Structure formats: structure tokens, C-alpha cells
Amino acid sequence: MEKIIFVDRDGVINVDLIGDYIKHPDEFRFEPGAVQALHMFRDGGYKIVIISNQAGVGDGIFTEAAMWKVHRHMESLLKKEGLAAWKTYYCLHGKEAGCGCRKPETGLFEQAARDFTFDRKTTFFIGDKASDTNAGKRFGLKTAFVRTGHGANEEKLLDPKNPPEIKAANLLEAARQILTRISHHQ
Ligand SMILES: [Mg+2]
Ligand SMILES: [Zn+2]
């Protein structure tokens, strides 16, 4: 089994331009504490895997080339910090395309399950939207919800019958809670 931590990108790792997409590398800014959180996971032996909807590509708001340019910029910033995402899975389909990979659908996680070996019951997905926690839950993962990005507005949309295991102010606080919880369960 591999130790994997699944993380949403916009609003969790980097600042979400609420109502817009990250269309250019200059628009990519880490959320405060996010780099430290990723270091904590890395130091704990976790492989960081990013799961991100980028419907702006499918909806024609920005090009796929621009999306990959932002992606490569993120990778270079992570590398400068001594970090890396083992893999990033993007859904590039439009919001109304009806694809199977746009969260809350689980297609991106199904792709990850072909590339990595992990125990769904002990693996966390961290996101800032109800569609993140719903996708993670549908796939059988533990979930953590953060109040950065869309989180402030999305908390009321969380499914009360199937809530995230963890709610946190941001990725750093989520990392602390997840790593504490896992160490207590071992
Ligand atoms: Mg997000
Ligand atoms: Zn898709």
C-alpha cells in the first residue's frame, strides 16, 4: 500500500480566483501555510496527488495550453520548495459536458486507483467545495474540508448525513488534524 494524500488544487493549495480560473502563471499564488502543509505530508511519507476540475478549458474560457503552462509553473514552484506532486489529474471537460471525471463524479479518483495502490478507508481527500467532499465520499475516501477558497460559502452545502471527517481553516490545519488522527489510529 502507498501512503497517498489527495488534494484539490484551487482554493486549497493555491488561492482561488473566485469566479474565475487561473489562466496565467502570474495568477498562481500559494495559500498561506500550504507549502508547510505539503512538507508535513511529504515528511510523513505521503505522496501528494492533486485532483482538480478545470472546466474553463472545456467551456472555452482558456486554452488547454494555458492550463498546462499554469501547471508547469506550479510544478516549478513546488520544486523550488523541495516538493513535488507525484501526479496531477485534471478534468478539462466543460461544466455541462456530463463527463465522468468532473467532481463530484469519481473518474479522476478511478484513474488514480489504476496508478497507485492505496486503502480508500484510510486515505484522505482535502477540498474546499461540497463537490470535493461528495466525490471523495462516493469513492470511499476519508475527506477533509477547508474554509479557504470557496470553503466559506460551501460549508452550508456539505451533506449533513455524510459529513467530512475533518473541517479545518486551511490546508495547514487540515494537515495537522489528518496527521494527528492517523498517528492515533495506528
Ligand atoms: Mg477548489
Ligand atoms: Zn471530465
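Good morning, colleagues. The model is a predicted one, in which local features need pLDDT of at least 70 and side-chain atom pairs count only at pLDDT 80 or more, while totals for chains, interfaces and linings use all residues. Residues are numbered from 1 along each chain as its sequence is written, and chains are lettered from A and ligands numbered from 1 in the order in which they are written.

I begin with the overall architecture. The protein has seven helices and six strands; helices (H or I, at least four residues) and strands (E, at least two) are DSSP runs, numbered from the N terminus. Read from the N terminus, their order is β-α-β-α-α-β-α-β-α-β-α-β-α. Along the principal axes, the C-alpha atoms occupy a box of roughly 45 × 40 × 35 Å.

Of the 186 residues, 41% are buried. A residue is buried if 20 or more other C-beta atoms lie within 10 Å of its own, exposed if 12 or fewer, and partly exposed in between, with C-beta atoms placed from the backbone. Among contacts with a separation of 6 or more, 64% join residues 24 or more positions apart. Two residues are in contact if their C-beta atoms, placed from the backbone, lie within 7 Å.

I turn now to a pair of helices. The axes of α1 (residues 34-43) and α7 (residues 171-185) come within 7 Å and cross at roughly 20 degrees. Axes here are lines fitted to C-alpha atoms, for helices over the stretch in contact, and angles run from 0 to 180 degrees between N-to-C directions. The two helices are therefore roughly parallel, a term for angles under 35 degrees. Helix α1 contributes Ala 34, Gln 36, Ala 37, Met 40 and Phe 41 to the contact, and α7 contributes Leu 171, Leu 172, Ala 175 and Leu 179.

Next, consider helix α5, residues 130-138. Its buried residues are Ala 130, Asp 132, Thr 133, Asn 134, Ala 135 and Gly 136. Their cover includes α4, β4 (124-127), β5 (142-146) and α6 (151-154). After α5 comes Gly 140, with a positive phi near 90 degrees.

Strand β4 contains Phe 125. Is Phe 125 buried or exposed? Phe 125 is buried, because 27 other C-beta atoms lie within 10 Å. Beyond its neighbours within four places in sequence, Phe 125 is in contact with Phe 6, Ile 51, Asp 132, Gly 136, Leu 141 and Thr 143. Phe 125 and Ile 5 are 120 residues apart in sequence, yet 6.4 Å apart in space, C-alpha to C-alpha.

Finally, I come to the loop between β3 and α4, where Leu 92 lies. Leu 92 has 19 other C-beta atoms within 10 Å and is therefore partly exposed. Not counting residues up to four places away in sequence, Leu 92 touches Gln 54, Val 57, Gly 58, Glu 64 and Met 67. Pro 104 also belongs to the loop between β3 (87-91) and α4 (107-115). The peptide bond from Lys 103 to Pro 104 is cis, with omega near 20 degrees.

Thank you for your attention.

Definitions and conventions
Parallel < 35°, antiparallel > 145°, perpendicular 65-115°, else oblique.
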